[in-house]
Amino acid sequence: MLQALIFDMDGTLFQTDKILEVSLEDTFNHLRHQNRWHTITPLNKFREIMGVPLPKVWETLLPDHSHPEREQTDAYFLERLIENITRGKGALYPNVIEIFSYLKENNCSIYIASNGLTEYLNAIVSYYELDIWVTETFSIQQIQSLDKCDLVKTILNKYDVRNAAVVGDRLSDFYAARDNGLTSIGCNFDFAQEEELALADFVIDDLGELKTIVHDL
């Protein structure tokens, strides 16, 4: 049995797509009203780069905007996301609570390592009361390098974790596992890409499948 599982948040535990489109549309409407955006909302491009830190998101979506403009947009987007979370417009993926309960019953610690911002992650954890099961939630904001490999390493060092797996849906999760000598479990959910999942040690279509994998490792 594994000592710990380290979960990504967006597209792994939390169905970000339920609040993503409305929050992004609201943000770009805000930019249009300020005459700082004049075309359609780049939702598809955003989906392609899901999983990278938000500063890199805005560099991609707003390449011709200044750094202060990107920071303002980031802050506005974060407000919209949190508002939608607290209004209950988002959702956890099926079987999150079931697998968390199973892991705790079998003395497997649970951590979250996400490229999301601290305030955003806290809103999700608080709304769904995940801290009942989760030992600690780690945001990429805590790491100067903005590298999830370093974020996962921080968890391993702080809690002296030796035998663990990283559960996520994007390349950054699988690299974080590989570079720290951990098992990677890919979630074939909304934002996952086939060529990235090919790098995971295991691929699941439902979080309930973790029971078998965790038990056998």
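Let's start with Arg-80, which is buried at a relative accessible area of 15% (buried means under 20% relative accessible area, exposed over 50% and partly exposed in between, using a 1.4 Å probe and protein chains only). Everything here comes from a predicted model, in which local features need pLDDT of at least 70 and side-chain atom pairs count only at pLDDT 80 or more, while totals for chains, interfaces and linings use all residues. Residues are numbered from 1 along each chain as its sequence is written, and side-chain values use heavy atoms, leaving out hydrogens and water.

**Around Arg-80**

The charged end of Arg-80 sits over the ring of Tyr-76, 4.7 Å from the ring centre. For such a contact, NZ of Lys or CZ of Arg must be within 6 Å of the ring centre and within 35 degrees of the ring normal. Arg-80 also meets the side chain of Glu-83 in a salt bridge, and Glu-83 counts as partly exposed at 27% relative accessibility. These two residues both belong to helix 4 (residues 67-86), where they are 3 residues apart, about one turn of the helix. Helices (H or I, at least four residues) and strands (E, at least two) are DSSP runs, numbered from the N terminus.

**Salt bridges**

The structure holds 13 salt bridges, each being a side-chain nitrogen of Lys or Arg within 4 Å of a carboxyl oxygen of Asp or Glu. Here are some of them:

| Glu-83 | Arg-80 | 2.9 Å |

Glu-136 is in strand 3 (residues 136-139) and Lys-158 is in helix 7 (residues 148-159), so their pair ties together parts 22 residues apart in sequence. Lys-148 lies in helix 7 and Asp-173 in helix 8 (residues 171-179), so this pair ties together parts 25 residues apart in sequence. Both ends are hidden away: Lys-148 counts as buried at 4% relative accessibility, and Asp-173 is buried at 2%. Salt bridges with shared partners also join Asp-26, Glu-79, Arg-80, Glu-83 and Arg-87 into one network.

**Aromatic rings**

There are 10 aromatic pairs in the structure. In Tyr-127 and Tyr-128, the ring centres are 4.8 Å apart and the planes stand at 75°, so this pair is edge-to-face. Rings of Phe, Tyr and Trp (its six-membered ring) pair if their centres lie within 6.5 Å, with planes under 30 degrees apart counted as stacked, over 60 as edge-to-face and the rest as tilted. Tyr-127 is partly exposed at 40% relative accessibility, whereas Tyr-128 is buried at 18%. Elsewhere, ring pairs link Phe-28, Trp-37, Phe-46, Trp-58 and Phe-77 into a cluster.
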